[in-house]
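Subject: The structure, and what turned up in it

Hi,

Here is the structure I promised to pass along. Have a look, and then read on for what I found in it.

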Amino acid sequence: MTDKPIEFSPQQKAVFQWVQTGRGSAFVEAVAGAGKTTTIVEACKRMTGSVAFAAYNKKIASEIEEKAIEQGLGDQVRVGTFHKFGFAAWRRVAGNVKLDPRAKTDAIALELAIPGEMTEFVAKLTSLAKNSAIGVFGRADDVAVWQAIVDHHDLADDLEDARDLPAAIQYSQRALALSRDMARELIDFDDMIYMPVVTNCRVWQNDWLLVDEAQDINPARRALARKMLRPNGRAIFVGDRHQAIYGFTGADAAAVETITKDFRCQLIPLTTTYRCPKAVVDMAREYVDHIEAHPSAPEGTVSQAHEDDLIGMNLTAEDAILCRLTRPLVSTAFKLIRAGIGCHVEGKDIGAGLMKLATRWKRIKTIDKLRDRLEQYRDAEVEKLIAKKQEVKAEAVQDRVETLLVLMDGCGTIGDLKAKIESLFTDSEDGHQKTLTLSTVHKSKGREWKRVFVLGFAKFMPSKMARQAWQLEQENNLIYVAFTRAKSELCIVEVAEKKKAEDKPAEQVAA
């Protein structure tokens with residue numbers, strides 16, 4: 001940015017006018033790169049009273065807080081994640097509470113004597129129940145409420161025997177009740193939001209509440225948002241229904257419609273992207289037809305390449321390689337590293353998941369035996385899940401195992417494998433990364449790069465495993481998110497895997 005005053009668009013000025021003269025709450029639906037952060041921080045200057053800004057994650061919160069301080073709003077605007085606001089409220093109830101998710105999960109399983117084959121299912125269903133704010137939206141003793149969560153997330157097939165489902169739901173109901181009883185001494189991350197909303201816990205209320213990435217909030221966050229507002233308070237929710245990609249984690253796939261109805265929001269659009277050049281916008285419009293390039297935007301470039309061409313493309317830390325799956329990213333990362341191109345794969349949590357899988361079988365001590373066991377596990381799990389018509393989960397299992405198999409190349413011991421995982425996977429928010437970024441599309445949301453290379457677009461996007469309507473919609477949203485990370489050039493990169501008859505040809509990138 002320069003010292004020249006910002007020339008706000010008519011749509012941005014409409015937001016400011018609404019803050020000053022409007023009533024009630026609003027949903028600002030902003031396309032990718034619409035300058036929503038700049039718009040909302042500027043809107044804060046026109047607000048009176050206390051203001052809370054609930055960001056989706058710590059990275060966004062830090063960015064907003066920095067800009068608020070730059071604008072002299074540090075004393076008026078409190079910035080944090082929903083988890084931060086919720087935890088602050090709960091600590092006033094339980095001052096000595098300890099946050100230890102693993103200890104809590106283990107304690108509940110032990111206390112309830114949950115059968116080993118149901119432990120993972122119960123933990124997942126209990127977590128989703130908290131995200132769904134059971135006890136606020138729906139009664140905790142209503143089996144139908146739990147069954148609806150199971151159906152939405154295709155959880156039944158996580159059980160070895162489908163006949164165990166009624167018992168597993170009962171264990172989950174008891175686990176939720178026990179979790180609440182334990183919450184003054186021990187909590188997990190879900191409890192940081194769930195406990196304040198499901199109890200009479202006092203939450204600090206505000207004259208204004210701003211919620212970023214609102215399309216991805218779940219019912220529990222929505223309930224906390226309600227408690228954070230004074231009776232006559234006003235809220236601005238900022239988001240884009242076409243960037244909703246976290247339905248699989250418990251986010252409400254219909255969050256925009258639900259929020260608009262529950263908070264009686266006026267819709268205010270921001271349809272102009274200041275990030276993407278015109279050529280990229282033309283691609284994105286195949287998925288979101290109302291996104292517009294700014295008149296002053298450069299033409300930009302949309303191109304195609306083969307993965308073998310990447311090494312010669314002068315890749316820098318200003319660029320990113322995105323993919324629907326992790327395994328192709330890891331394979332590409334090693335090719336780049338061997339060519340002397342520094343890079344990292346975004347996502348410590350991805351690395352943690354791979355580490356857990358790599359150490360799952362405690363008796364296995366050699367890399368060769370681990371490779372054999374992983375291949376057996378992959379084949380058995382994929383066959384079982386596909387037989388149960390759980391193609392999305394089968395794809396996830398296959399991706400994780402094949403990612404590990406790629407990582408194992410060149411490793412002499414399991415220790416070498418663990419070291420490789422730790423060195424390759426990181427998070428940019430932990431410190432400025434001065435190397436090329438490789439990232440799944442999910443991890444790329446909220447980020448932008450000069451050049452974006454979408455690896456294996458024709459083969460991996462949209463996932464052929466998506467079946468439910470909300471899954472198919474979010475697959476299209478993923479494509480839109482991937483395209484709109486590019487500030488200058490978007491390159492569709494063909495991968496070397498042998499194509500199947502049903503795969504789209506690479507040139508049909510906008511079909």
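R139 and D141 join their side chains in a salt bridge, with 2.7 Å from N to O. Keep in mind that this is a predicted model. R139 counts as exposed, since its relative accessibility is 56%, while D141 is partly exposed at 49%.

How many salt bridges does the structure hold? The count is 29. Another of them runs between R163 and D161, whose closest N and O atoms are 2.8 Å apart. R163 is exposed, with a relative accessible area of 71%, and D161 is partly exposed at 24%.

Then there is K335 with E307, a salt bridge at 3.6 Å from N to O. K335 sits in helix α13 (residues 327-338) and E307 in the loop between β11 (301-306) and β12 (319-323), so this pair ties together parts that are 28 residues apart in sequence.

You'll find E213 in the loop between β6 and α10 (219-228). Is E213 buried or exposed? E213 counts as buried because its relative accessibility is 6%, and the cut-off for buried is under 20%.

While we're on backbones: most residues other than glycine have a negative phi, and most peptide bonds are trans. A113 also has a positive phi, near 55°, and is not a glycine. A113 lies in the loop between α5 (101-112) and α6 (119-131), and it is exposed, with a relative accessible area of 54%. As for peptide bonds, the one from M461 to P462 is cis, with omega near -10°. P462 belongs to the loop between α19 (457-460) and α20.

Now the aromatics. Searching the whole structure gives seven aromatic pairs. One of them is W18 with W208: the ring centres are 6.0 Å apart and the planes stand at 80°, so this pair is edge-to-face. W18 is in helix α1 (residues 10-21) and W208 in strand β6 (residues 206-211), so the pair ties together parts that are 190 residues apart in sequence. Both of these tryptophans, W18 and W208, are buried.

Y287 and F483 make another edge-to-face pair, because their ring centres are 6.0 Å apart and their planes are at 75°. This pair links distant parts of the chain, with Y287 in the loop between α12 and β10 and F483 in helix α20 (residues 469-483), 196 residues apart. Y287 counts as buried at 17% relative accessibility, and F483 counts as buried at 0%. For a sense of distance, the C-alpha atoms of Y287 and A317 are 28 Å apart in space, and the two residues are 30 apart in sequence. Ring pairs also link F27, F237 and F263 into a cluster.

D158 is in the loop between α7 (143-152) and α8 (165-182) and is partly exposed, with a relative accessible area of 30%.

Last stop, the surface. Which residues gather in a patch of positive charge there? They are R78, K84, R92 and R202. R78 has its place in strand β3 (residues 77-81) and is partly exposed, with a relative accessible area of 34%.

Cheers

Definitions and conventions
Residues are numbered from 1 along each chain as its sequence is written. This is a predicted model: local features need pLDDT of at least 70, side-chain atom pairs count only at pLDDT 80 or more; totals for chains, interfaces and linings use all residues. Side-chain values use heavy atoms; hydrogens and water are left out. Patches are made of residues with over 30% relative accessible area and no salt bridge: like charges are joined within 9 Å, nonpolar side chains (Val, Leu, Ile, Met, Phe, Trp, Tyr) within 5 Å. Accessible areas come from the Shrake-Rupley method with a 1.4 Å probe; for residues, only the protein chains shown count as cover. A salt bridge is a side-chain nitrogen of Lys or Arg within 4 Å of a carboxyl oxygen of Asp or Glu. Lys and Arg count as positive and Asp and Glu as negative; His and the chain ends are not counted. The place of a charge is taken as NZ of Lys, CZ of Arg, CG of Asp or CD of Glu. Helices (H or I, at least four residues) and strands (E, at least two) are DSSP runs, numbered from the N terminus. Buried means under 20% relative accessible area, exposed over 50%, partly exposed in between (1.4 Å probe, protein chains only). Rings of Phe, Tyr and Trp (its six-membered ring) pair if their centres lie within 6.5 Å; planes under 30 degrees apart count as stacked, over 60 as edge-to-face and the rest as tilted.
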